[in-house]
Amino acid sequence: MKIFLDTANREMIERWIPTGIIDGVTTNPSLLSKEGKDTRQVLLDICEMVPGDVSIEVVKKDPVDVYKQSKEIAALADNVVVKIPFAFEYLPVIAKLTQEGVRINVTLIFSLLQALMVAKLGVTYISPFIGRLDDIDVNGLDLIHKLVHMVEQYSFASQILAASIRHVMHLHESVLAGVDVATVPPKLLDQLMSHPLTLDGIRKFDDDWKKLGKQELLGAK
Ligand code: E4P
């Protein structure tokens, strides 16, 4: 299972990459808008910093422009995945791009049947949004379970990328559902790092060790 960082912030990426647990990054226009005006440079830096896939979303609207911009985005770096929102008018664009070998992440997926359509087109990632479904009183995790089952049942090549993960249980349940990827905001990853029992355990080991007085663990050679 892969863990992506859900951010466009270079400092956050710099902080997490050395841990070795990050397999990629997802960005979107909202995340990018927080990082200043030179979005091209921000994106180039991210692609260079991240060893795995970096999803970059199109901002054009007309299907012809979406196709053109997708090609430009894909040419930025080898690890780029082009993110395109689900829409009827973009299906032919997505079909053409996948045939041309461009890797696509279809975003803003809110139903099983939307996911089925784009799985049929051979996209690399399908991004269902858990938190935004919960926001409207629909169980987002139910959709995750259904998508994992659907992809396995029909042996589609697309990977399920759990997105809009807002809290620990979203991530916990996504893992149990068997998602291929979970994209996690850095703030949430930070929360996962400290467990009260781990902190207590370290404190107790330290206290017990100090009872021996000043001593080297392996003694003198
Ligand atoms: C990532 O691919 C999505 O754009 C992101 O997870 C959306 O999260 P949000 O619903 O919290 O904005």
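Ser 164 is buried, with a relative accessible area of 10%. In this predicted model, Ser 164 occupies the loop between E7 and helix H9 (168–177). Although Ser 164 is not a glycine, its phi is positive, at about 55°. The side chain of Ser 164 also takes part in the ligand site, where one of its polar atoms lies 2.7 Å from an oxygen atom of the ligand.

A positive phi, of about 65°, is likewise found at Asp 137, which is not a glycine. Asp 137 is placed in the loop between helix H7 (130–135) and H8. Its relative accessible area is 74%, so Asp 137 counts as exposed, whereas Ser 164 counts as buried at 10%.

## The ligand site

The ligand sits in the largest pocket. The residues around the ligand are Asp 6, Thr 26, Asn 28, Lys 83, Phe 129, Arg 132, Ala 163, Ser 164, Arg 166 and Thr 183.

For Asp 6, a polar side-chain atom lies 2.6 Å from a ligand oxygen. For Arg 132, an N or O atom of the side chain is 2.6 Å from an oxygen atom of the ligand. The corresponding distance for a polar side-chain atom of Ser 164 is 2.7 Å. On its own the ligand has 350 Å² of accessible area, and the protein covers 85% of this.

## Salt bridges between separate parts of the chain

How many salt bridges does a search of the whole structure find? The search finds 10. One of them joins the side chains of Asp 190 and Arg 15, with an N to O distance of 2.2 Å. Asp 190 belongs to helix H10 (residues 186–193) and Arg 15 to helix H1 (residues 10–16), so this pair ties together parts of the chain that are 175 residues apart in sequence. Both partners are partly exposed: Asp 190 has a relative accessibility of 28%, and Arg 15 one of 47%.

A further salt bridge is formed by the side chains of Asp 53 and Arg 103, at 2.9 Å from N to O. This pair also links distant parts of the chain, 50 residues apart, with Asp 53 in strand E3 (residues 53–57) and Arg 103 in the loop between helix H5 (91–99) and strand E5 (104–109). Asp 53 has a relative accessible area of 13% and is therefore buried. Arg 103, at 28% relative accessibility, counts as partly exposed.

The side chains of Lys 71 and Glu 100 meet in a salt bridge with an N to O distance of 2.7 Å. Because Lys 71 lies in helix H4 (residues 63–74) and Glu 100 in the loop between H5 and E5, the pair ties together parts that are 29 residues apart in sequence. Lys 71 is partly exposed at 34% relative accessibility, and Glu 100 is partly exposed at 36%.

## Overall dimensions and reference positions

The protein contains 11 helices and eight strands. Its C-alpha trace spans about 75 × 40 × 35 Å along the principal axes. Of its 221 residues, 43% count as buried.

Two residue pairs illustrate distances within the chain. Ser 158, in the loop between helix H8 (140–153) and strand E7 (159–162), is buried at 3% relative accessibility. From C-alpha to C-alpha, Ser 158 and Pro 18 are 28 Å apart in space, and they are 140 residues apart in sequence. Pro 29 is found in helix H2 (residues 29–33) and is partly exposed, with a relative accessible area of 35%. A distance of 46 Å separates the C-alpha atoms of Pro 29 and Lys 204, which are 175 residues apart along the chain.

Key. Residues are numbered from 1 along each chain as its sequence is written. This is a predicted model: local features need pLDDT of at least 70, side-chain atom pairs count only at pLDDT 80 or more; totals for chains, interfaces and linings use all residues. Side-chain values use heavy atoms; hydrogens and water are left out. A salt bridge is a side-chain nitrogen of Lys or Arg within 4 Å of a carboxyl oxygen of Asp or Glu. Helices (H or I, at least four residues) and strands (E, at least two) are DSSP runs, numbered from the N terminus. Buried means under 20% relative accessible area, exposed over 50%, partly exposed in between (1.4 Å probe, protein chains only). A residue is near a molecule or strand if one of its heavy atoms lies within 4 Å of it. A polar contact is a pair of N or O atoms within 3.5 Å; within protein, one must be able to donate a hydrogen and the other to accept it, and residues adjacent in sequence count only if both atoms are side-chain atoms. Accessible areas come from the Shrake-Rupley method with a 1.4 Å probe; for residues, only the protein chains shown count as cover. On a 1 Å grid over the protein atoms alone, a cavity is a set of points where a 1.4 Å probe fits but cannot get out, and a pocket is an open set with protein on both sides within 12 Å along at least five of seven lines; lining residues have an atom within 4 Å of a point. A molecule sits in a cavity or pocket if more than half of its atoms lie within 2 Å of its grid points.
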